[in-house]
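Biologist: I have the file open and would like to go through it with you. Can you take my questions one at a time?

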Amino acid sequence: MPYDNKIIYTLNHTKKRIISLCYNESSMTLIVSSAKENSFYLWKYISSKDIFELKSTIKDKGMIWSLVLTSIQNIKYIITGGGDKTVNVWEFFPEENAAMKKLSIKSHHESVVKVNVFEIRNNCLIISGAFDGTVKIHEIKRTFNDEFGEINLIYKELFTIYNKDTEIVNLEYFFDENSKKENEENKINQEELDLIINLGRSKGYSIHKIFLNFN
């Protein structure tokens with residue numbers, strides 16, 4: 001039986017091209033960024049009215065090319081890649097319709113056009129791709145600051161992959177389940193990750209096998 005495709009809702013966001021979005025199902029919040037705007041937007045679904053309402057505009061220093069939503073130790077964060085060459089980590093407060101920048105990673109030399117994130121063994125890793133073809137993987141951790149009595153985020157760069165002068169279009173990853181099972185059986189503290197990098201300018205894609213060691 002053919003699938004019946006129909007539009008169930010049209011959101012009039014802005015006059016600019018939408019370049020990235022994600023959805024938080026639990027709070028029914030749509031997070032969106034547009035071209036040539038140094039902001040991302042929080043749209044909340046109001047079930048009583050059956051509409052989306054713009055609740056917050058979160059300003060940044062550069063255009064936000066890509067964004068994803070993740071959790072670090074059960075706290076929600078929005079990860080953004082921007083035209084100011086940074087990867088930013090924002091704590092997301094769904095009930096307040098707000099986000100606050102908690103960490104800026106300044107390791108790229110060009111605009112960060114794609115970000116992705118994955119959790120493994122209670123670790124959060126961010127994959128980021130820049131306009132110059134450079135892909136980086138950073139580990140993010142939450143730590144307690146005894147002096148100020150607050151939680152801080154820290155990061156460590158794990159890998160850098162170079163695809164010379166080629167724009168990154170997409171970043172996807174897959175875990176090798178067979179190797180994972182073998183490592184668990186042999187009590188090896190290692191995970192294998194297959195990273196697929198989709199390249200622009202008709203360059204196709206590259207596949208990298210990455211080995212992650214955990215203490």
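Biologist: What should I know about the model before we start?

Modeller: This is a predicted model, in which local features need pLDDT of at least 70 and side-chain atom pairs count only at pLDDT 80 or more, while totals for chains, interfaces and linings use all residues. Residues are numbered from 1 along each chain as its sequence is written, and side-chain values use heavy atoms, with hydrogens and water left out.

Biologist: Which way do β5 and β6 run, parallel or antiparallel?

Modeller: Antiparallel: β5 (residues 64-72) is joined to β6 by 8 bridges. Two strands pair if DSSP finds at least two bridges between them. Within this pair, Leu69 has Ile78 of β6 as its bridge partner. The two strands form a hairpin with 2 residues between them, where Gln73 has a positive phi near 50°.

Biologist: And how many bridges link β6 and β7?

Modeller: There are 5 bridges between β6 and β7 (residues 87-93), again in the antiparallel sense. Thr80 is bridged to Asn88 of β7. This hairpin has 4 residues between its strands, and Lys85 in the turn takes a positive phi of about 75°.

Biologist: Switching topic. How many residues are in the largest nonpolar core?

Modeller: That core has 17 residues, and those with the most contacts inside it are Phe118, Ile127, Val135, Ile168, Leu195, Ile197 and Ile210. A nonpolar core is a set of buried Ala, Val, Leu, Ile, Met, Phe, Trp, Tyr and Cys residues joined through side-chain atoms within 4.5 Å.

Biologist: Which elements give two or more residues to this core?

Modeller: They are β9 (112-120), β10 (123-130), β11 (134-145), β13 (168-175), β14 (190-199) and β15 (205-213). β14 gives the most, with 4 residues.

Biologist: What is Leu195 in contact with?

Modeller: Leaving aside neighbours within four places in sequence, Leu195 is in contact with Ile127, Val135, Ile137, Ile161, Glu172, Tyr173, Ser206, Ile207, His208 and Ile210. Contact means heavy atoms within 4.5 Å.

Biologist: Now charges. How many salt bridges are there in the whole structure?

Modeller: The search finds 9 salt bridges. A salt bridge is a side-chain nitrogen of Lys or Arg within 4 Å of a carboxyl oxygen of Asp or Glu.

Biologist: How far apart are the closest N and O atoms of Lys101 and Asp60?

Modeller: They are 2.9 Å apart. The pair links distant parts of the chain, 41 residues apart: Lys101 is in strand β8 (residues 98-105), and Asp60 is in the loop between β4 (51-59) and β5. Lys101 counts as partly exposed at 31% relative accessibility, whereas Asp60 counts as buried at 13%.

Biologist: What about Lys102 and Glu91?

Modeller: Lys102 and Glu91 form a salt bridge, with closest N and O atoms 3.9 Å apart. Lys102 is in strand β8 and Glu91 in strand β7, 11 residues apart. At 37% relative accessibility Lys102 is partly exposed, and Glu91 is buried at 16%.

Biologist: Which parts does the pair of Glu139 and Lys156 tie together?

Modeller: Glu139 lies in strand β11 and Lys156 in strand β12 (residues 150-162), so the pair ties together parts 17 residues apart in sequence. Their side chains meet in a salt bridge at 3.8 Å, N to O. Glu139 is buried at 11% relative accessible area, while Lys156 is partly exposed at 48%. Separately, Lys49, Glu53 and Lys55 are linked in a network of salt bridges.

Biologist: Last one. Where is Val112, and is it buried or exposed?

Modeller: Val112 is in strand β9 and is buried, with a relative accessible area of 0%. Not counting residues up to four places away in sequence, Val112 touches Trp65, Gly81, Gly82, Lys85, Thr86, Val87, Ser128, Gly129 and Ala130. The C-alpha atoms of Val112 and Asn97 are separated by 25 Å, with the two residues 15 apart along the chain.

Notes:
Buried means under 20% relative accessible area, exposed over 50%, partly exposed in between (1.4 Å probe, protein chains only).
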